[in-house]
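Work through the exercises below with the sequence and the 3D view side by side, and try each task before reading its solution.

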Amino acid sequence: QFVDQTRSCVVSLEIAGGETEPVLGVDLRREVFLRLRMPMVRNKVAGWSEGFLIHTDSGKNEFEGVLELPDADGHSQPVVVEIARDTVTCGFRVTLYNRYWMLNLTGLPLVLRKAASSSLESTSRTLPIGSGIGYDVAVGHDLEMRVKGFQWSAPFSVDRNAGDINTFKLSAMEGQQAETAAVPNQEVSIDVSSSTASAKFDR
């Protein structure tokens, strides 16, 4: 939805993946905000994101930001919002994409988080088997993963190691932290690889 400064809806539309949709009837004499939400999943309706300012008289011709979309399970899906303004027509193009897609092909329930040494918040996120999850992490910051019952992996980067395959050995937790999904001395070996798209969209 495009909304104005009073949160009144100006334009509402539904866009499929890879689709381009022209939007007319937006009054450019006012500030224009964009808000997003996920479609209904498993009969659950996700909430709207915060408003993102995409047009103002003093705005730049090109800029970008990140909107956190709550999904139906309460997790956050970071979506990049990129704005490009045409200085002749005064119209603008809004591009939405995920910087990264995390795909779990291990057959095991994986958990992902930003590395504990990072200054960013280290909130963990479950990666369901076989489903792509939109993810965002600042350039230069690493990630860690683990399987239930096993320790966190060593940090790894999705940028610096693009195209390479890295193997991580996860050891079972011990003592009070032990979980029933692992037994003592058990070890899991997981390969991690990342590939870069031909354009800047999606890794």
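**Exercise 1: charges over rings**

The charged end of R113 sits over the ring of W152, 3.9 Å from its centre. This is a predicted model, in which local features need pLDDT of at least 70 and side-chain atom pairs count only at pLDDT 80 or more, while totals for chains, interfaces and linings use all residues. Residues are numbered from 1 along each chain as its sequence is written, and side-chain values use heavy atoms, with hydrogens and water left out.

Task: Find the residue that lies over the face of W48, and give its distance from the ring centre.

Solution. Begin with the rule, by which a charge sits over a ring if NZ of Lys or CZ of Arg is within 6 Å of the ring centre and within 35 degrees of the ring normal. Next, look at W48, where R35 lies over the face at 4.9 Å from the ring centre.

**Exercise 2: salt bridges**

Task: State how many salt bridges the structure holds, and then describe the one formed by E144.

Solution. Side chains of opposite charge can pair when their charged atoms come close. The term salt bridge is used for a side-chain nitrogen of Lys or Arg within 4 Å of a carboxyl oxygen of Asp or Glu, and the structure holds 3 of them. E144 forms its salt bridge with R113, with the closest N and O atoms 2.7 Å apart. This pair links distant parts of the chain, since E144 is in strand β12 and R113 is in strand β9 (residues 110–114), 31 residues apart; strands (E, at least two residues) are DSSP runs, numbered from the N terminus. As a last step, check the burial of each partner, where buried means under 20% relative accessible area, exposed over 50%, and partly exposed in between, with a 1.4 Å probe and protein chains only. E144 is buried at 8%, and R113 counts as buried at 18%.

Task: Which residue does R30 meet in a salt bridge, and which parts of the chain does the pair tie together?

Solution. The side chain of R30 meets that of D4, at 3.4 Å from N to O. R30 lies in the loop between β2 (9–11) and β3 (32–34), and D4 in the loop between β1 (2–3) and β2, so the pair ties together parts that are 26 residues apart in sequence. R30 is partly exposed, with a relative accessible area of 47%, whereas D4 is buried, at 9%.

**Exercise 3: aromatic pairs**

Task: Count the aromatic pairs, and decide whether F52 and F63 are stacked or edge-to-face.

Solution. A pair of aromatic rings is described by the distance of the centres and the angle of the planes. Rings of Phe, Tyr and Trp (its six-membered ring) pair if their centres lie within 6.5 Å, and planes under 30 degrees apart count as stacked, over 60 as edge-to-face and the rest as tilted. By this rule the count comes to 2 aromatic pairs. F52 and F63 form a stacked pair, at 6.4 Å centre to centre and with 25° between the planes. F52 is in strand β4 (residues 52–55) and F63 in strand β5 (residues 62–70), so that the pair links distant parts of the chain, 11 residues apart. F52 is buried, at 15% relative accessible area, while F63 counts as partly exposed, at 23%. F156 and F168 form a tilted pair, 5.5 Å centre to centre with 50° between the planes, and both F156 and F168 are buried.

Methods. Helices (H or I, at least four residues) and strands (E, at least two) are DSSP runs, numbered from the N terminus.
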